[in-house]
Amino acid sequence: MTLPAIVVIDAAGTVIGWSQAAEQLFGYRAAEVLGRSSTVVMSGGLEAGDQEQWYSLVEARHRDGGSFLVRVGGSRLLTPGETAAWLLSATPASAAVPGRAGRLLEPIINRSPLAVAVWDRNLRCLWLNPAAQRLRTVFPHYEVGRSLAEPLPGVDTEAAQEAMRTVLAEGVPMIDREEIWTSADQREERTLSTSLFRLEGPDGRPLGVCTLTIDLSNSRARSRLALIREASIRIGSTLDVQKTAQELAELAVPVLADYVTVDLAESVLPEDAPLQRLSATDVSIPVFRRAGVASVHQGCPESLWPLGEAVFVPPSSPFTEVLASGRSYFERVLDTSPGTWLDQDPERAEIIHDTGMHTLIIVPLKARGDILGIAVFVRNDNPVPFTKDDLICSEELVARAALSLDNARQYTRQRTAVLALQRNLLPRRLTGTGALEVASRYLPSGMHDAVGGDWYDAIPLPDGRVALVVGDVTGHGINAAATMGRLRTAVRTLTYMGLPPDELLAHLDDLLVRLTEEDAGPDGFPLDPTGATCVYAVYNPATRRCTMAGAGHPPPAVVTPSGDVSFPRPPSGTPIGLGLGSYQSLELELAEGTLIALYTDGLIETRTADIEAGMDRLGAALAQAALPLENFCTSVIRTMVGEAQSEDDIALLVARTRVP
């Protein structure tokens, strides 16, 4: 057993006694230290106060310049001269574990990737293992002799100090305090987890704090958790099938795989040509279309088919097996030897050989009982084969994506149906006969659920007059589109009856009220209460008079031949369908070459600007747009909307009085 080093110091800290064991521990002979301050060999931690006995952890210095951690016990004694003195018993901290166990433990701690640091009661660093010394870039206070409370430029240690003082005071360990460190140039980021526990002497009093820190930045388990967390945020951010598929592929590269494809069944991409019409062979059939692809290599050299193209697979292959069984396929080490399914797929076999693919996972995209396609995960640059954990991560990732894909599929189908209904209900060819030149634009909303019931029409009358109408049904979806079709038909019928604008809107209001009542449920309340706004105008070329009336709709714009823009406002009327309609007409005289524009509020209203501001912008756009009318409409829409997706449907109807 190694004897403790015995050192005696007086009340001023001067060494007055020195044992043979002290000479062996610190490297100094007695003659070199007697009469000198004890700080020559031990710095700090020797403050005894009024205690008769105490313990501390102290940074010690060897004569050869090295430093090490010692455990010191102090006992008060009286010298022959009856002056106060202290007898110190010092042993290396590594000797706390006796015998062979201690000799084994020391190299383990020194070689551990866990950064271990010891701090005294004043939060001064006493000892660091090599892993902690390597963290100086992240934690500048990891330096023996430096206090955590010592200010350093750009370093905030308030939270760490508070945590250490809490552990010192309460003795309860703190586990897994996570911290994200970013370098000054923002190029490097590390995630570190630190745990703290109190070091105590034989009397139970605190000696200091030990901190254990591990760098989690490259943790595979953590990367998988981050991947799943990010998937819930990124995948399905739009209700677009192909974007969702591409998001899945890009998210998994390179965290999980080096190369990922997402191939979808025909039913998920209804707009493409049927796969059944494509040619097939005995060993290759078209089963999917490529909807997403990502690779660690630029240009995706592993992919045999570009996005949107049909994907062919052998009838007896892992791909068809996954489709038939609905279960994932996992091949830890890809078997490319003769006699496998690759014999029937020479093109894939060649790509696998050329790019070094060596491990494979295929996961079915399943949602609500349907298999939508497959996701394929491959590694070629990364030499580590996939594991069962990788398979579980892939399945979790694909499960989240499959639900988003199914939502996108159902939305796409509904939106396609509504848009088709709208296109069929809107006029395909407008004419203003000899009275007006007319042109129109219809722009469906870019928002997910905002396909609505905007409509427009130009209706020639037998006496040479022309009726112009633009309306907007409240709500969105197929019901709004169907109501739009009813109203358009009703407006045409009432127009042919020769009703003036104010009376026509009153009849239309009454009609919509009755239609809503007919569609009421058992409780008498409408199942889908619907209203609409509308502006209706009739132009008489013989008198060049235009009579108009509005029902809660933005006013028409009138552009004179000289380019002046105004917004004549018919007396305000309530929207159609409320049963409160009392409408009045406004009559204007339009000079030859005057342009009148009718539009829905989607053209002028946004979430960040009100209608009045939008009308000011529209006035400027109308003044700057140039004829002919088709180009005029395009220019106005581009000026008002730009490259952004419109927040609401937009209908624009433009008419120009003819010049004889």
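How many residues of the lining of the second largest pocket are nonpolar, polar and charged? The residues divide into 15 nonpolar, 7 polar and 4 charged. Here Ala, Val, Leu, Ile, Met, Phe, Trp, Tyr, Cys and Pro count as nonpolar, Asp, Glu, Lys and Arg as charged, and the others, Gly among them, as polar.

1. Basis of the note. The model is predicted: local features need pLDDT of at least 70 and side-chain atom pairs count only at pLDDT 80 or more, while totals for chains, interfaces and linings use all residues. Residues are numbered from 1 along each chain as its sequence is written, and side-chain values use heavy atoms, with hydrogens and water left out.

2. Second largest pocket. Its volume is about 630 Å³. A pocket is an open set of points on a 1 Å grid over the protein atoms alone, with protein on both sides within 12 Å along at least five of seven lines; a cavity is a set where a 1.4 Å probe fits but cannot get out, and lining residues have an atom within 4 Å of a point. Grid points are joined across faces, edges and corners, and a volume is the space filled by probe spheres set on the points.

3. Lining of that pocket. The second largest pocket is lined by 26 residues, and F139, D156, T157, A160 and E179 lie nearest its centre. At least two lining residues come from each of α5 (158-170), β9 (174-182) and β10 (189-200). Helices (H or I, at least four residues) and strands (E, at least two) are DSSP runs, numbered from the N terminus. β9 gives the largest share, 6 residues. Strand β9 also holds D176, whose phi is near 60 degrees, a positive value in a residue other than glycine.

4. Cavity. The count comes to 1 cavity of 30 Å³ or more. The largest cavity has a volume of about 230 Å³. Its lining has 19 residues, with Y259, F319, R348, M357 and V376 nearest the centre. β12 (259-264), α9 (346-355), β16 (359-367) and β17 (370-379) each supply at least two of the lining residues. By class, the lining of the largest cavity has 12 nonpolar, 3 polar and 4 charged residues.

5. Cis peptide bond. The bond from V253 to P254 is cis, with omega near 0 degrees. P254 is placed in the loop between α7 (241-252) and β12.

6. Helices α11 and α12. The axes of α11 (residues 478-496) and α12 (residues 501-518) come within 10 Å and cross at roughly 140 degrees. Axes are lines fitted to C-alpha atoms, for helices over the stretch in contact, and angles run from 0 to 180 degrees between N-to-C directions. α11 and α12 are therefore oblique to each other; angles under 35 degrees count as roughly parallel, over 145 as roughly antiparallel, 65 to 115 as roughly perpendicular and the rest as oblique. Their crossing is right-handed, meaning that the near helix is turned clockwise from the far one by less than a right angle. In the contact (heavy atoms within 4.5 Å), T483, R486, L487, A490, V491, L494 and T495 of α11 meet L504, H507, L508, L511, L512 and L515 of α12. This contact has 9 nonpolar, 3 polar and 1 charged residues.

7. Helices α13 and α14. α13 (residues 611-624) and α14 (residues 629-641) pack at about 140 degrees, with axes 9 Å apart. That makes α13 oblique to α14. The crossing is right-handed. G614, R617, L618, A621 and L622 of α13 make the contact with F632, V636, T639 and M640 of α14. These residues divide into 6 nonpolar, 2 polar and 1 charged.
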